[in-house]
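Open the structure in a viewer and follow the stops below in order. Each stop gives a selection and then says what is there.

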Amino acid sequence: MRRFLSFTTLLAGLPLVIPAHAEQTFSFQQTAGELPKTVAPLSYVIHVATDMDRLSLTGQETIKVNVLSATAEMTMNQAGLKLSDAVLDNSIKADISQNDTAETVTLRFPQNVARGVHTLAIRYSGPILKTPNGIYVDDYTSPNGEAKRMLVTQFEVADARRMFPGWDEPAFKATFQLNVALPADYVAVSNMPITATKTEGQGQKQVSFATTPRMSTYLLALVAGDMKAVRGQADGTPLAVYAPSGLEGQGEFALHAAEKILPYYNSYFGVKYPLPKMDMVAIPGNYQAGAMENWGLLTYIDNVLLFDPKNSTPRTRELIYEVVAHEMAHQWSGDLVTMGWWDNIWLNEGFASWMEIKATDKMNPQWEIWPRQHETREETMGTDALSSTHPIQQTIHNVSEANSAFDGISYGKGELVIRMLEGWLGEDRFRQGMRAYMKAHAYGSATSQDLWNALSGASGQDVGTVARSFTEQPGIPLVNVATSCQSGKTVYTLSQSRFTIHDPTPKDQVWNIPVVAGAPGLPVHKLVLGKAPQTFSVAGCNVPVKMNLGESGYYRVRYESSAFEALLKIISTFSAVDKANLLGDQFALFRSGQAQLSSYLTLADHILEANESNIAVIQEIIGKFDVLDDYLKGSEDRDAFRVYARKSLTPVFARLGWDQKPDENVLDTMLRPSVISALGKFEDPAIMADAKTRFAQWLDNPDSLRPDIVGVVAGIAMKHPDQKTYDIMAGKVRSTQATEVKLRLFNAIAGATSPALIEQNVALAYSGAIPNGRIASALARVADSSENPDLVWKLVKQHEADIRTHLAPWSQDGFLAGIAVYSDSAHIAHELENDPESGKTTGAKIATAKALSEISARKEAMQAAQSQIHAWLSATHH
Ligand SMILES: [Zn+2]
């Protein structure tokens, strides 16, 4: 699954976790889970009849089960269903006992069922939901203005149980043959191709799909509605991109991406894509994740699959490529080989997040996507430095905890650790290990230990010793760098400690860190740094060397001052990613209290004064200026800081200008909106005046602005709008169907600061104008960009019951924490902590603990920034 991690969702994690020690290779009986392992399904034949008006379904299924030890009871999952009848081997009627809290049903038989294969026939009924989980509907407006209803499924983490009773845990793999009764005019797609279509009475038809390979329940999928497709093929596999009829042409870009990516993956994994076709579907709006890797039927929210040349931005084009590459990587990592239990979700997500970047970079080197992963690294490490972080591999007891594990640690840290391991082992040996892993576990399940064994086999290195120190321990290592001059050589001595922010009692830990060191014109030094300090030397005294060359390692670096000063002198000779890396580490050292803020600002000044133009570097600086501006909320130095920030960024804007140049580098095109937005935030008078003029012109003529500029121009103009202009914009938010444009417009008005407009924005977010799957993030956006999170909190609490009826279960746990996290008020923190919802599930407890730790860390950072910025501004005469 591709989750879109806002700052707040990154904060989900488990504070009191026991790291998964001495993990074993996969074993069905030993793997964690909630269901007994006495019975395992082999195959399901499922018939579902839908009533799209009453939003209900009736189902019957025949499950071939393997009874592994004689039992008179079979417990499986169901959620919201009502079982009317269950019969074993055509004759033995079961007593049915449902537990709706545990989301299970237990079938009891008059006597023990013998070991071996049996057949279970079940009849049931249930609802079709409106929230985006399980089997649900998406009501939308077609391109010609008609009201339409689409049928969609989303089963990960644990919602297959809302469509059929079954063993809904990933290790219980089986085959599935799906049959569904639908309105006759619906186009239906599932994991496998259609084998038969039968017309039934009353405008209905029954569609049957071919039997799937052996797979986990969470990967089954069905989408049906008024859709059309564009089609292609790659390596002999038919490919299609489906969209609401009339929009299918916007699927061409994703289709061409898939045509390039599939042959690359076929070769990389050494196993050819195993299904007879691959379909991708754009879901118009009502969707919770970014996308989902259902085997053979990849689903996406429309804005990450459809490219509309009139309204989409260059960044959207790139995002589509990344998300398609991510979901396609899952067809192997996740679908063909699946983690045994959710404690290893990072195996799916870390790997797919790494592979999406690797494949996107391979096909589109012009995007310089690896250096730009610096942003992901900073976000991930920001979370991983706090006391509330958790190891990549963590104990997961239930669905609520499993949901919370889809966070920045599983995705971001997983990606960065895999990248470090690939760099350490070498691209070829790493790929060889991946091929062995795929071959050994195809159609089965695996643990991290299985992956380490395969990589060790391919490389001859003890991969587990290095990898486990990053996956089984929380937090970030810090490499401390000391230098001395001995016999005409600079001797570098490296040692390690733990890097933390706002954590008074960090647990001491030791990592095995693959370190890469070097500088332009010098040989590269590679070593694995363990507990004992290590040294290397370079010819000449005071020769600067940078650690973490290419930012390929998951650690921070602290140089003693002479080594840092030496680096500063040759800073302009380093690549963009190394500059961004030094900046990121220096800011982090300020956050942890190990460096003054001035060391970051001096470094940024040095880099900007050399006319830096690279997007990765400029966005790093913009990001930190933005954070500092937030830290200075309420400080009398904020205006002076803004003057400094504007002065720093004005040369960058002067080079880019408002208008795209002919043959402009796409990275400049992507950088322009960030620079304009930052200057707008820092209240640059010229930018603000220009933005207002352009906004007024755009209101008259929407073609007067390119799509990538609309959001920032409107955002600046909508800080303090009059009611009439606000109403026009809110009307556009309501009437726009395309999610990309809708969210662009909503995000622009979310920055309005007047209390009356904040209240209207909160109401708009859950009025039906924003799709259900995006309500929680829309409200978080209002809390963040209005700079009045406390008012948003108050309004959300007033309307909480109403808002929650629109949210899917997996949004419920972190919903309140996601608003409160933007506050720096002890009062709001206290309210969050004591809210009954905060303690209701383990997922909610986790989200609350993370938000509370983030709030108190920010308070500390605000105090430090406010006192240090004053001294720095006066000392440097800014
Ligand atoms: Zn994913």
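Donors are N, O and S atoms within 2.8 Å of the metal (3.2 Å for Na, K and Ca), and water is not among the atoms, so sites may look incomplete. The model is predicted: local features need pLDDT of at least 70 and side-chain atom pairs count only at pLDDT 80 or more, while totals for chains, interfaces and linings use all residues. Residues are numbered from 1 along each chain as its sequence is written, and side-chain values use heavy atoms, with hydrogens and water left out.

**Stop 1: the zinc ion**

Select the zinc ion and the residues that coordinate it. At 2.0 to 2.5 Å are Met1, through both N and O, His326 (NE2), His330 (NE2) and Glu349 (OE). Along the sequence, these donor residues follow the spacing M-x324-H-x3-H-x18-E. Met1 lies in the segment before strand S1 (39–51) and Glu349 in helix H3 (residues 345–363), so the pair ties together parts that are 348 residues apart in sequence. Helices (H or I, at least four residues) and strands (E, at least two) are DSSP runs, numbered from the N terminus.

Are Met1 and Glu349 buried or exposed? Buried means under 20% relative accessible area, exposed over 50%, and partly exposed in between (1.4 Å probe, protein chains only). Met1 is buried, at 0%, and Glu349 is also buried, at 0%.

**Stop 2: aromatic pairs**

Next, show the aromatic rings. Rings of Phe, Tyr and Trp (its six-membered ring) pair if their centres lie within 6.5 Å; planes under 30 degrees apart count as stacked, over 60 as edge-to-face and the rest as tilted. The whole structure holds 33 aromatic pairs. In one of them, Tyr264 and Tyr268 have ring centres 6.2 Å apart and planes at 45°, so the pair is tilted. Both lie in helix H1 (residues 252–269), 4 residues apart, about one turn of the helix. Tyr264 is buried at 16% relative accessibility, and Tyr268 is buried at 3%.

Now select Phe587 and Phe590. Their ring centres are 5.6 Å apart and their planes at 65°, so the pair is edge-to-face. They stand 3 residues apart in helix H12 (residues 576–591), about one helical turn, and both are buried.

**Stop 3: charges over rings**

A charge sits over a ring if NZ of Lys or CZ of Arg is within 6 Å of the ring centre and within 35 degrees of the ring normal. Select Lys37 with Phe28: the lysine lies over the ring face, 5.9 Å from the ring centre. Then select Arg317, whose charged end sits over the ring of Phe253, 5.2 Å from its centre.
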